[in-house]
Amino acid sequence: MSQDIKKVVLAYSGGLDTSAIIPWLKENYNGCEVVAFCADVGQGDEELEGIQEKAIASGASECHVVDLKEEFVKDYIYPIVKTGAVYEGQYLLGTSMARPVIAKAHVEVALKVGADAVCHGCTGKGNDQVRFEACFAALAPQLKVIAPWREWDMVSREDLLDYLDQRNIPCSASLTKIYSRDANAWHISHEGGELEDPWCEPSKEVWTMTTDPLDAPDTPESVLLSFDKGELVAVDGQTMSPYQSLVYLNDKAGAHGVGRVDIVENRLVGMKSRGCYETPGGTVLMAAYKGLETLILDKESLKFRESVGLEFSHVIYDGRWFTPLAQAQMAACHAFAEQLTGDVVVKLYKGQAVVTQRRSPNSLYSEEFATFGEDDVYDQKHAEGFIRLFSLSSRIKALKAQEK
């Protein structure tokens, strides 16, 4: 291990791993100063309560808690919504999309305090180590990155608890923790416990953000989302900030059991993992945005936007936010979003979020053209020539086959 590190900024959560990392850094990097950094991305007051005191008690010289909630929603979630990015058809990228805003703030704190290195508590098996370190490389390549889980010889919660106990460092963690969770304003993820067996149905104890759809209200509820140039500007007629809009949607949709997914996904590092995700407000927002797109974008534009969304889902999942590729893909979707102004109504019922109404001044839908009744704007005889031209290659192929 390098011994020339004088100051390290650690991404600190207050949990077992990062509580052990603080003393470990000081012991293994020649008594270096450890500054704790905590990002508030809407994970909730319970996780942040007393976190500065915990960090100091573990040996940190100071603790910076940075409020990123509005920036996270406005500058990261909204652009991703415009791309329609969904990883492997189901995952709304809740953990992935938070990593770049956290990494950016992490670097900013490190540069502010004059640190030599940044440190994270990601394991060597997961995606987050790649996401964070790719962002560090793009933003501050001069900083050394320390990843204790790739260096130390501790392998279990028991090891970490013993390590802290030997040093009389207080920690509220215990051996009874079942699930590994990650929460922010967009979602909460659940891994571990019975979820490690893909044949095992998740128990009720897994879910924390949404009502069981079976227990949800028997009466549906509708929400009105208003967009201006692809960005949510009001919900149910109320103008709110991006973060407050998401909180409002989370409460509404969560009560109806909306936003649960249980998937086996392909991690970037090559293995598969099983996780349960709850994204109530995000599910409503994505459904509403897609509903508006179908009203406004022509066939080829929507097809292209969907192809960009598919590719962008992998870019975000893999942690490539601060890259020219990501910027180019988002630029394409921002261009489409310029027309995305209008209102959408989404009905919430028993775990479902269904678009039931949509309107826009930029709508390409025309009742005059689409009607099954008599009209004077579309001559149905014209369809015959179109079909003959459209199917010309198939006709030629069949004729050639007949000649043979």
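## Close-up views of a predicted model

At 44% relative accessibility, Lys229 counts as partly exposed. The structure shown is a predicted model. The legends below take one site each.

**View A. Lys229 sits in a loop between two strands.** The loop joins strand 8 (221-228) to strand 9 (231-235). Lys229 is not a glycine, yet its phi is positive, at about 50°. Its relative accessibility of 44% lies between the 20% and 50% cut-offs, so the residue is classed as partly exposed.

**View B. Asp236 lies in the loop between strand 9 and strand 10 (238-239).** Asp236 also has a positive phi, about 50°, without being a glycine. Its relative accessibility is 27%, so Asp236 counts as partly exposed.

**View C. Helix 8 packs on helix 9.** Helix 8 covers residues 242-255 and helix 9 covers residues 280-296. Their axes are 7 Å apart and meet at an angle of about 100°. An angle from 65 to 115 degrees counts as roughly perpendicular, so helix 8 is roughly perpendicular to helix 9. Helix 8 makes the contact through Leu246, Leu249, Asn250, Ala253 and Gly254. Helix 9 contributes Pro280, Gly281, Gly282 and Val284. By class, the contact has five nonpolar residues and four polar ones.

View D. Which element gives the most to the lining? Helix 9 does, with six residues. Strand 11 (260-266), helix 10 (299-317) and strand 14 (352-359) are also among the elements that each supply at least two residues. The lining of this pocket divides into 11 nonpolar, 10 polar and five charged residues.

**View E. One cavity of 30 Å³ or more is found in a search of the whole structure.** The largest cavity has a volume of about 30 Å³. Which residues line the largest cavity? Tyr78, Val81, Phe227 and Gly230 are among them. Glu231, Leu232, Leu285 and Tyr289 also belong to the lining. Helix 4 (69-83), strand 9 and helix 9 each supply at least two lining residues. By class, the lining of the largest cavity holds six nonpolar residues, one polar and one charged.

**View F. His334 belongs to helix 11 (residues 324-337).** Is His334 buried or partly exposed? Its relative accessibility is 30%, so His334 counts as partly exposed. With neighbours within four places in sequence left aside, His334 is in contact with Pro79 and Lys82. Glu201 stands 133 residues from His334 along the chain. The C-alpha atoms of His334 and Glu201 are separated by 40 Å.

Key:
Residues are numbered from 1 along each chain as its sequence is written. This is a predicted model: local features need pLDDT of at least 70, side-chain atom pairs count only at pLDDT 80 or more; totals for chains, interfaces and linings use all residues. Side-chain values use heavy atoms; hydrogens and water are left out. Axes are lines fitted to C-alpha atoms, for helices over the stretch in contact, and angles run from 0 to 180 degrees between N-to-C directions. Helices (H or I, at least four residues) and strands (E, at least two) are DSSP runs, numbered from the N terminus. Angles under 35 degrees count as roughly parallel, over 145 as roughly antiparallel, 65 to 115 as roughly perpendicular and the rest as oblique. Contact means heavy atoms within 4.5 Å. Ala, Val, Leu, Ile, Met, Phe, Trp, Tyr, Cys and Pro count as nonpolar, Asp, Glu, Lys and Arg as charged, and the others, Gly among them, as polar. Buried means under 20% relative accessible area, exposed over 50%, partly exposed in between (1.4 Å probe, protein chains only). On a 1 Å grid over the protein atoms alone, a cavity is a set of points where a 1.4 Å probe fits but cannot get out, and a pocket is an open set with protein on both sides within 12 Å along at least five of seven lines; lining residues have an atom within 4 Å of a point. Grid points are joined across faces, edges and corners, and a volume is the space filled by probe spheres set on the points.
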